[in-house]
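Okay, everyone, thanks for coming. I've got one structure to walk you through today, so let me put it on the screen.

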Amino acid sequence: GSILPTPVDNGVFEPEVSAGERTGNSLFCTRHEWTEHMMVTSGRVYAIDVYKFAYWFLTEKTQAGASASANLTLRQWVSEPLADGGQVDEIADATDRLEVTRKLRQLPVDYSAGTEPVELLWLRGEDPSLTGTLRHIDADGVVFSVPRDELGDGKWHLMPDKLKSSDTFLLAYDAGIATNDSPSRFGVGRFGAIDEDLGFPHGFEVQIVGPPASRRALVHLVVMVVRGSEVPVGSDQSAITQFSEL
């Protein structure tokens with residue numbers, strides 16, 4: 001039942017009157033991670049933006065002993081870094097461009113600075129199925145439009161950032177996302193119309209409003225903990241956050 005929210009450029013945050021209009025129970029966005037400034041042999045300096053994809057969605061608990069009445073958890077998946085391919089393409093000098101891509105590929109892992117090697121270029125806003133939207137950089141800085149083919153199927157696969165991806169941050173407390181059949185006082189389905197057949201939305205609701213350059217996302221989260229003799233305790237939270245790339 002994972003559904004991405006439908007952005008409404010001129011809308012407001014409000015409950016829906018029917019299912020499937022705009023509310024989602026997953027969230028996918030692009031996050032700017034850092035800007036790499038590089039001086040090349042010619043003396044020119046280039047600034048290349050680096051992004052990561054982030055995806056939050058519901059999944060079932062898999063740990064043994066997890067309470068059946070709180071069996072959903074929220075997973076956070078963050079991708080490997082992708083450099084702005086449009087900025088790289090704008091480098092007119094071919095020698096400079098090769099040096100820039102080589103420097104991106106050979107960046108050191110520096111946790112304090114938040115940098116790491118970049119193997120992928122991404123044309124923002126373009127269809128991922130089109131050749132050239134995603135490209136990969138080999139160790140020498142040469143750029144290829146064919147997939148890296150990690151799984152041998154000829155398709156693009158984004159590798160996860162293992163430090164930032166997580167599905168365990170609720171499990172330490174045996175907490176879970178409240179399901180549609182949770183007690184009504186928990187407030188599940190406050191914005192989206194509950195659809196039992198799809199399993200939507202459970203205790204994670206997202207609405208997005210505002211123009212593309214200034215999106216705002218409402219996130220409504222209902223977390224449930226089962227204590228003692230299966231007595232559920234709920235926590236209902238809402239937050240509004242600003243997105244520049246969504």
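Let's start with a pairing: L121 has R135 in β6 as its bridge partner. Just so we're clear, what you're looking at is a predicted model.

Now stay on β6, which covers residues 134–137. Which way do its side chains go? L134 and H136 point one way, R135 and I137 point the other way, and all of them are buried. I137 is the one you'll find opposite V143 in β7. The hairpin that β6 and β7 make has 5 residues between the strands, and G141 there takes a positive phi near 95°.

Moving along the chain, look at H157. You'll find H157 in the loop between β7 (143–144) and β8 (175–177). What does the H157 side chain pair up with? There's a polar contact of 3.0 Å between the side chains of H157 and D153. Once you leave aside neighbours within four places in sequence, H157 is also in contact with E80, R148, E150 and L151.

The largest pocket comes out at about 370 Å³. It's lined by 20 residues, and K52, P81, Y111, E116 and D161 are the closest to its centre. And what is that lining made of? We've got 10 charged residues, 8 nonpolar and 2 polar.

Okay, that's my tour. Over to you.

Technical notes:
Residues numbered from 1 in each chain as written. Predicted model: local features only at pLDDT ≥ 70, side-chain atom pairs only at ≥ 80, totals over all residues. Heavy atoms only, no water. Helix = DSSP H or I, 4+ residues; strand = E, 2+ residues; numbered from the N terminus. Polar contact = N/O pair within 3.5 Å; in protein donor to acceptor, adjacent residues only side chain to side chain. Contact = heavy atoms within 4.5 Å. 1 Å grid on protein atoms, 1.4 Å probe; cavity = no way out; pocket = protein on both sides within 12 Å on 5 of 7 lines; lining within 4 Å. Points joined across faces, edges and corners; volume = space filled by probe spheres on them. Nonpolar A, V, L, I, M, F, W, Y, C, P; charged D, E, K, R; others polar. Buried < 20%, exposed > 50% of the residue type's maximum accessible area, 1.4 Å probe, protein only. Pairing = 2+ DSSP bridges.
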